[in-house]
Amino acid sequence: MADTGRYKDLTFWVLLLLIFGLLPLVKTSSYQLMLANHILIWGMFALAFNMLFGVTGMLSFGQALYYGLGAYSVGMMVKYLGQSWFLPGIGLGLLLAALLSVLVGLLIIRVSGVFFTVLTLAFGQLAWQITFRWYHFTGGDDGIQGIIPPGILSDRTVYYYFTFAVVVMSIWFMRRLARSPLGLTLRCIRQNPERVHFLGRSVRLNQLGIYMISSILSALAGSLMAGVDYSIHTNMLYWTTSGEVILMSVLGGIGQSFGPFIGAAVIIIIEDVVGARTEYWSLIIGIIMMVMVILFPRGLVGEFRALRSRLRSLTVQKRG
Amino acid sequence: MDPSFIIAQLISGLTMATLLFLVASGLTLIFGVGNVFNFAHGSFYMLGAYLAYQTVSSWHTNFWVATFAAALGAGILGMMAEFLFLRRIYGRSEEGGFQILLTYSFILVIDDLVKLVWGTEYKSLLRPAGFSGSVHVGGLTIPTYNLAIIAIGLIVVVLAWLILSRTRPGRIARATAIDREMMNAMGVNVPFTMTLVFGIATALGGFAGALAAPLRSVTPGAGIEVIIDSLIVVVIGGMGNFWGAWLGALILGEVNAFAVALVPEWASVFSYLVMVLTLIFKPEGLFAARGVRKV
Amino acid sequence: MLRHKYVVVILVVLLALFQVPFSLGADEKIIKIGAIYPMTGRPGLYGLDSVDAAEMAMEEINSKGGVAGYKLELLNTDSKLKPDYSVRVAKRYIDEDKVHFLFGVVSSGVGLAVTEVSKQNKKIFIGTDHASTRLTVDALQPYYFRVSNNTFQSMAAGALYLKELKQTKPWETLAYIGPDYAYGHDQWDELKYNLDRFGVKYKVVGEYWPKLSAPDYTPFITSIMNDKPDILVSGFWGGDTVAFIKQAQPYGLFEKTLYFHPDAGGNYELMSATGSELPLGLVLGARHHLNWPETELNRTYVDKFYKRTGRYPSYAAEGAYAGIYAIAQAVEKVGNPNDTEALVKALEGMKIKLPEDPEGFTSYIDPATHQIVQVQAIGETIANDKFPPAKRMLGNWKVYKAEDLLPPKEYIEMKRKK
């Protein structure tokens with residue numbers, strides 16, 4: 001089973017590197033570059049969320065808080081101090097995300113299940129409300145525009161490869177983490193927290209650790225996004241953004257290594273295709289989500305794998 | 001601040017609180033008693049408002065009939081949603097997560113359906129006959145409809161409390177939420193109970209929507225707007241605890257009312273702050289009995 | 001179970017495809033306009049009206065043979081009020097659909113994000129609704145033009161109205177209530193700036209900032225009544241205005257205080273949503289009125305819209321209508337829709353006769369700010385059932401000259417420095 005796991009991982013890695021790596025060379029418009037860039041970033045965001053929900057079972061409806069934090073760290077640094085502070089802004093975002101996630105985590109990881117979810121929602125909305133109304137400082141509903149990365153990064157293709165590199169490294173890190181002792185402990189916690197506790201491991205500390213890591217990576221995603229659109233908006237902190245990343249994970253397959261990334265790609269492409277043709281995109285996305293949750297809870301990737309092993313076992317039976 | 005102003009703010013806080021409570025009551029029922037998180041609760045609130053509007057507009061009934069029709073309609077639609085969709089995910093591991101996702105998708109679908117049927121223009125519902133004026137008590141002006149709402153809110157909370165704690169069906173509903181298998185083993189028709197409770201919860205939501213409609217505009221997107229506030233009330237008051245929800249709403253309403261009077265610049269942040277503080281110090285809610293802190 | 005699952009998938013895919021009308025575009029000479037409007041939620045009303053009015057304008061022009069041999073075509077995508085999504089849509093319009101113009105938006109947040117794309121890609125963006133003054137002051141870029149007025153112009157007219165009011169009904173105190181975000185705050189700041197500019201003395205006795213789309217205003221109402229302002233200035237829009245007025249009315253607020261709402265108060269959707277519940281004597285302004293000016297052009301525009309859609313248009317529709325005609329006029333002058341720089345020159349200073357222009361005045365686009373300069377009219381609610389389902393419309397008009405309403409140089413400089 002471990003072998004096939006690594007095999008599937010390899011397929012994904014190859015596809016990821018080929019498709020996204022070569023895109024700038026084969027694209028026919030810079031819109032496609034922006035689309036691919038969005039997919040990379042949302043994909044990373046969804047995978048970061050998946051570490052919390054898919055691996056640990058903690059459903060956070062507030063990851064938008066960190067995503068927005070990362071975006072606003074960059075945006076505000078550039079707005080007040082200038083273009084050259086773009087990269088330090090990313091660093092600041094990571095630092096603030098680490099600090100905030102520890103503080104918030106200590107407060108909310110004391111509870112589980114739906115209570116945890118509701119708390120994450122509360123904190124997320126609190127952050128949104130403050131940013132939205134403190135518009136003299138943050139720009140509020142106007143957002144912040146003109147966030148152009150400095151130096152060679154101001155070229156869209158160069159920035160694309162920069163994002164690509166960061167995202168690839170982050171995904172690699174997350175994969176390693178999932179297979180590390182920490183990852184194993186977290187999966188055990190999800191199944192039976194009491195037992196883990198009796199085994200002498202601190203449930204809370206582990207959960208806090210993963211919450212921190214997930215949040216830091218979410219912030220990184222937000223920071224990168226600021227440099228793609230050249231603008232940010234308080235919408236990035238709103239609970240529906242948290243909802244989108246959850247949707248992407250569910251669609252792709254929670255807990256299925258690269259599922260969320262694929263979910264992100266599918267959602268973004270559908271959004272663009274469907275949004276262009278009909279005003280009833282809400283209905284369509286809602287129906288898709290319902291179908292996924294009821295009939296295909298393992299997500300696209302999970303169901304695809306299940307289908308494949310089923311077909312395989314059928315052919316084996318036939319032979320034997 | 002002179003005393004008559006304080007009383008005026010107290011009463012307006014109470015009005016606000018009762019509306020909050022009424023909207024949240026259905027969520028308290030389904031979440032606290034039914035153990036199902038219905039993210040789309042706000043959408044049933046919105047449906048109630050539209051159904052009430054349509055009843056008056058098509059059959060020219062009086063307001064109270066329309067409100068009843070709205071509650072009935074929302075209840076039936078809720079039961080259909082539970083029977084056709086929600087039921088399929090009971091018993092799954094991570095059920096809570098899937099509930100949230102499925103009911104979130106309901107929000108998306110219902111929003112567009114409302115737009116398809118009624119369009120995007122704002123609809124309007126008038127206050128019921130006899131309740132469009134106000135009473136004057138010692139220098140204070142209080143709209144009679146507001147008083148009616150406060151009274152209705154109290155009736156709902158008392159009825160709910162009585163039914164849930166003193167009657168057999170109420171106790172069965174509560175027990176089913178805690179342990180479905182056990183209740184099944186004891187001969188209770190669990191699926192039917194769940195559907196019924198869900199229907200009553202959505203009916204409450206629709207009822208609140210119809211009641212609130214004369215005070216607000218009936219617009220698409222209303223579902224998303226109220227769900228967060230309802231959630232805050234339920235969480236502060238404690239899941240499944242109607243008195244808790246009522247008191248929680250009261251706290252929120254009054255905090256808001258006085259924040260508006262004293263620190264108008266920051267009033268909008270207050271309700272989130274109250275929620276966060278409650279959740280930090282007493283995560284199971286201010287008035288809940290069972291604790292939820294884990295290992 | 002396995003078989004059933006995949007049947008559902010096929011059905012869903014079919015359903016999705018069925019929803020999706022495929023457009024077959026012939027390669028004639030077409031002016032492509034990429035519109036981005038919110039089609040869902042509260043502002044969905046404005047998006048829907050805008051698209052209907054734009055299509056109406058396009059049909060009028062195309063049926064007369066088009067413009068310089070070109071026909072007009074509109075693409076529309078729901079902005080979902082999401083700036084990051086709208087940016088992607090704008091980019092797709094430019095790169096894939098090869099639009100000649102970007103068009104629309106209701107939310108200023110979306111507008112500011114899209115104007116950035118317009119600037120980067122040198123694509124003309126015609127703003128038809130969003131009113132943040134920033135887009136024609138500090139965020140101005142050469143390819144942006146707005147064909148509906150901004151909040152500064154509305155508030156300047158408001159300040160002049162209040163100045164005149166002192167002659168007939170002397171007042172001293174003001175209170176303000178508006179949604180707690182940029183739009184609400186900007187209006188108040190701009191009103192105060194204009195009151196100071198015109199030398200009007202006033203005393204502020206209360207400022208209130210409910211959340212945007214807050215459902216309950218009761219504590220605010222009782223607080224305002226305690227402050228006893230002579231005039232309550234309001235900065236709400238859409239459903240919030242309706243809710244506030246419905247809730248305040250039984251308190252007798254409107255008998256004790258003059259309700260003054262110069263930017264979005266007089267929007268038709270308020271009148272149609274409140275019917276006879278709407279009190280008389282409220283002083284409201286809007287960016288377009290159905291019953292003012294009583295010119296042939298305005299009457300025809302309103303009647304045609306009603307015949308086409310079965311409802312009367314909100315103010316946003318006129319902005320979209322104006323936008324299409326502005327594009328047509330510019331392309332007519334230049335001869336083709338591809339010479340962007342020439343089109344920019346054509347739009348700057350362009351005079352265009354619009355439904356909201358009274359006799360003897362023609363709207364024009366100020367070359368310095370790319371902002372359309374228009375007359376503003378503020379009126380009082382009076383009984384009028386000529387535009388059902390509304391039972392009140394505005395009347396007793398006070399009209400303000402366009403030139404008096406523009407932001408002065410010092411204001412623009414001050415904003416640009418920030």
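Author: This is a predicted model. In helix H12 of chain A, the buried residues are A:Gly259, A:Pro260, A:Phe261, A:Gly263, A:Ala264, A:Ala265, A:Ile267, A:Ile268, A:Glu271, A:Asp272, A:Val274 and A:Gly275. Buried here means under 20% relative accessible area. The list includes the acidic residues A:Glu271 and A:Asp272. An α-helix has 3.6 residues a turn, so residues three or four places apart point the same way. H12(A) covers residues 259–277, which is 19 residues.

Next come the nonpolar cores. The largest nonpolar core has 311 residues, and within it B:Phe39, C:Phe103 and C:Phe244 touch the most other members. Helix H2 of chain A, residues 30–55, gives the most to this core, with 19 residues. Another core lies apart from it and has 24 residues, among them C:Leu160, C:Leu165, C:Trp171 and C:Trp209.

Two elements of chain B give two or more residues to the patch, namely helix H3 (63–84) and helix H8 (190–212). H3(B) gives the most, with eight residues. B:Phe192 belongs to helix H8 of chain B.

The backbone of chain C has several points to check. Most residues other than glycine have a negative phi, and most peptide bonds are trans. The peptide bond between C:Trp292 and C:Pro293 is cis, with omega about -10 degrees. C:Pro293 sits in the loop between strand S10 (283–285) and helix H11 (296–309) of chain C. Another cis peptide bond joins C:Pro388 to C:Pro389, where omega is about 5 degrees. C:Pro389 is in the loop that runs between strands S14 (376–383) and S15 (392–400) of chain C.

As for positive phi, C:Ala68 has a value of about 50 degrees although it is not a glycine. C:Ala68 is in the loop between helix H2 (44–63) and strand S2 (71–78) of chain C. With a relative accessibility of 30%, C:Ala68 counts as partly exposed. C:Val105, also not a glycine, has a positive phi near 55 degrees. The loop holding C:Val105 lies between strand S3 (101–104) and helix H4 (108–121) of chain C. C:Val105 is buried, because its relative accessible area is 1%, and the limit for buried is under 20%.

S12(C) and S13(C) form a hairpin with four residues between them, and C:His370 in the turn has a positive phi of about 60 degrees. Three bridges join S12(C) to strand S13 (residues 371–373), and the two run antiparallel. In this pair C:Asp366 stands opposite C:Gln371 of S13(C). S12(C), residues 363–366, is also joined by two bridges to strand S11 (residues 351–352) of chain C, again antiparallel. There C:Lys351 stands opposite C:Tyr364 of S12(C).

Terms used: Residues are numbered from 1 along each chain as its sequence is written. Chains are lettered from A and ligands numbered from 1 in the order in which they are written. This is a predicted model: local features need pLDDT of at least 70, side-chain atom pairs count only at pLDDT 80 or more; totals for chains, interfaces and linings use all residues. Side-chain values use heavy atoms; hydrogens and water are left out. Buried means under 20% relative accessible area, exposed over 50%, partly exposed in between (1.4 Å probe, protein chains only). A nonpolar core is a set of buried Ala, Val, Leu, Ile, Met, Phe, Trp, Tyr and Cys residues joined through side-chain atoms within 4.5 Å. Two strands pair if DSSP finds at least two bridges between them. The expected span of a helix is 1.5 Å times one less than its number of residues.
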